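Please open the model in your viewer and keep the selection tool at hand. The stops below say what to select next and what is found there.

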Amino acid sequence: MGVAGNAGSDGTLRDPEGLMGDAHRLFEELRAIRRDIHMHPELGLEERRTAGIVSSYLESLGIETKTGVAGTGVVGLLSGDLLRDQTSVTQREESSHTPRVIALRADMDALPIQDKKDVEYSSKVPGKMHACGHDGHVAMLLGAAKLLTSRRNAFSGSVKFLFQPAEEGPGGALPMIQEGCLEDPDVDAVVGVHIHTEMPVGKIGIKFGPCSASADSIRIGIMGRGGHGAMPHRSIDAIVVAAHVILALQAISSREVDPVEPVVLSIGAIHGGYRHNVIADEVNMEGTVRCFDQDLRQQLPDRIKRIVEGVTRAYRAQYEFTYDFGYPPLINDDSLTEFAAGSIRALLGDDAVQVMKEPSMGAEDFSYFAREVPGTFLRIGAAKGGNASNHPSHSPLFDFDERAIPIGSAVMAQIALDFLRGISGSA
Ligand SMILES: [Zn+2]
Ligand SMILES: [Zn+2]
């Protein structure tokens, strides 16, 4: 397939395997898959139709395919055919004795949002929409599978294709891991991508170290004693206590935690009370807690509880406190990230790589994969019209430049090929 190699403006050879050229030729096919999925969005753990598209595509390529992983997840396994005696002595010395395995991951779920775009591929399902680009991730990974299948005689080792459900919640990565998707054969590295509409097409964002935050939730109940609004001294006003608790919790980020260590604690919901002249007996609150440091994260439940307990006791109220651990922080592996950057530069040129300085306080359950094996999560530039989008992800008008799809396919395929052949060997 394809003629490999184009000289870039700086004279260096780009796209040495011809991956980008072949990916461009897949553009219409991949766009059709993306639009089909876009028109038929499915929420987390309901991705049966999407999983069907994925599994029949993988099977048509001759890839060993397992469906029903963690409900609706699909895992494909492609093993290289490169014969040992064809491997040069140098390559054999560089690579480890056991063949390596790299996993590439896409999420498949949509969001409970009404699509308000006026395009022919708008969602046909009322109240459901691919507003985070996961339809694009599926198309990208299927494209990578096709590019790698046609090159299976050029590598040894294996590529695992992880199509996971429910990234937007309740999470599909952890149950897939629990069902063994990183074993048999054991995965050595994992790469995930996300469409990024703040970045032009052709740019790929990489991030060393902390990439996205943990996302835990808290529930706080304040129990006072109800009464008449005219006689507050004969009751315990749960609303006043709740107000003090909310303000005191702001000291977590401002006075409890090192100011150079990011932490977010936001109370997003508060419910209590009956009417203007009744003292509320009970208030219930919910909030989100986010950070990057796992040690700090383990300490936060006790620190928050101490404040809730101290304040409620000061006002003679009772409390209930629940801390639910959600997605862990996503920490990219530095050497795998550097390795991926080398592959991207070879594929798209030096200026394609954008090193992202700041992590996101958003969360991403790719973190579970990256907690098990070295992982890196890349942003694929997909700004429509070249400008950062006015309609960010999770907006009812969200859309992305579909030219990003073949680029995402080629990026994943290039990293996988380089990793399995130990080309720059830093990972
Ligand atoms: Zn999202
Ligand atoms: Zn997303």
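Select residues 238–249 in this predicted model, which form helix α7, a run of 12 residues reaching 16 Å from its first C-alpha to its last, close to the 16 Å expected at 1.5 Å a residue. Within α7, now colour A238, V241, A242, V245 and L249, which are buried. Turn the view until you look down the axis of α7: these buried residues fall within an arc of 100 degrees, and therefore they line one face of the helix. An α-helix has 3.6 residues a turn, so residues three or four places apart point the same way.

Where they meet, 10 residues of domain 1 are in contact with 9 residues of domain 2, and the side belonging to domain 1 comprises 6 nonpolar, 2 polar and 2 charged residues.

Finally, move to residues 334–348, helix α10, whose 15 residues should span 21 Å at 1.5 Å a residue, which agrees with the 21 Å between its end C-alpha atoms. The buried residues in α10 are L336, T337, F339, A340, A341, S343, I344, A346, L347 and L348. Step just past the end of α10 to G349, where the backbone takes a positive phi of about 100 degrees.

Technical notes:
Residues are numbered from 1 along each chain as its sequence is written. Chains are lettered from A and ligands numbered from 1 in the order in which they are written. This is a predicted model: local features need pLDDT of at least 70, side-chain atom pairs count only at pLDDT 80 or more; totals for chains, interfaces and linings use all residues. Helices (H or I, at least four residues) and strands (E, at least two) are DSSP runs, numbered from the N terminus. The expected span of a helix is 1.5 Å times one less than its number of residues. A residue is buried if 20 or more other C-beta atoms lie within 10 Å of its own, exposed if 12 or fewer, and partly exposed in between; C-beta atoms are placed from the backbone. The arc is that of the directions from the helix axis to the C-beta atoms. Two residues are in contact if their C-beta atoms, placed from the backbone, lie within 7 Å. Ala, Val, Leu, Ile, Met, Phe, Trp, Tyr, Cys and Pro count as nonpolar, Asp, Glu, Lys and Arg as charged, and the others, Gly among them, as polar.
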